[in-house]
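Here's a pair of pocket exercises to work through with the model open. Try each one before reading its solution.

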Amino acid sequence: MVNQNLTATEIGFTHEDFAALLDKYDYHFSPGDVVPGTVFSIEPRGALIDIGAKTAAYIPIQEMSINRVDSPEEVLQSNETREFFILTDENEDGQLTLSIRRIEYMRAWERVRQLQAEDATVRSGVFATNRGGALVRIEGLRGFIPGSHISTRKPKEELVGEDLPLKFLEVDEERNRLVLSHRRALVERKMNRLEVGEVVIGTVRGIKPYGAFIDIGGVSGLLHISEISHEHIDTPHSVFNVNDEVKVMIIDLDAERGRISLSTKQLEPEPGDMIKNRDLVYDKAEEMAAKYREQLLAKQQVATAAASTAEVVADEDIPPATELDEDIPLVAAIETEIPAATEIEEGIPAAIEE
């Protein structure tokens, strides 16, 4: 019969040893971990989640979504199992604090990085404006559109609620910066219908010392001072006024930077006509643009021909395989140069002759 009066010392296993053994096989959770959990109690401003810890973890309502939540039931349901982010370590009651917002936040940054890499155009509604520009939400993240990248004649205050096409300018999770451009999105859309060498009609919207900004169907192009005329011009103000209607030719489309470069110099029948006789320049614009396109095409053909010639010359430096073979003697020819074994033996005196 087993002696039931054995002491802990005799057994060699104490209550402390048993507690340590339980701790050894207990789950250990750390802030930053993503763990599965099951909702078992929903409260007015949060919920209790079973993640396998000693004490139920808690998720406050402000951590339930990257977007505003008024009631936990908008996000969670009883007995629902999903992933949770461990936000803080255990408090004095041994309870962990969880978050869904952090998981959505990480995945949102991953998504916008992918969209930027694809150079995608996204759409979002403006929810607020400030002195610097407008605020939007992309994948739940707050994005900023600088005023210089908003292409609209409306005052910024009237943009609230308006849906805008946007391109990414900066995606920086570490600095929490998401900067977008409305102008780039419009320019790209417009560029798809424009060509270098095309003549378009625009309106002067702004004049700077370095050139004039021309509105072309809602997007802005720059007519640099050096592209106004073949003759020297001190300032664009001497040629244009704001709201002037002008004919210009597109000489460059930079989709990546969202810029359109324009010229009237290339439309001049004679150098200085933009200063002396602007109407003549506009009358001859299509004819001069056609000549410009012909010259552009000729340059491209010369460049293509030069590249093809370079490839041919490079190929001629490598002899064909048949010529390489001719420099290598055949096996039969090599064998004729090697004396037969009998001839070698005849040149060696026999041992008995020594």
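**Exercise 1.** Work out which elements line the second largest pocket, and what kind of residues they bring.

*Solution.* Start with the elements: α3 (101-117), β7 (133-138) and β8 (141-146) each put at least two residues into the lining. (Helices are DSSP runs of H or I with at least four residues, strands are runs of E with at least two, numbered from the N terminus.) β8 gives the most, four residues.

Before going on, note that this is a predicted model, where local features need pLDDT of at least 70, side-chain atom pairs need 80 or more, and totals for chains, interfaces and linings use all residues. Residues count from 1 along each chain as its sequence is written, and side-chain values use heavy atoms, leaving out hydrogens and water.

Finally, sort by class: seven nonpolar, three polar and three charged. (Ala, Val, Leu, Ile, Met, Phe, Trp, Tyr, Cys and Pro are nonpolar, Asp, Glu, Lys and Arg charged, the others, Gly among them, polar.)

**Exercise 2.** Now do the lining of the largest pocket: which strand supplies the largest share?

*Solution.* β11 (199-208), β12 (211-216), β13 (219-224) and β15 (259-263) each supply at least two residues. β13 takes the largest share, with five. By class, the lining has four nonpolar, ten polar and five charged residues.
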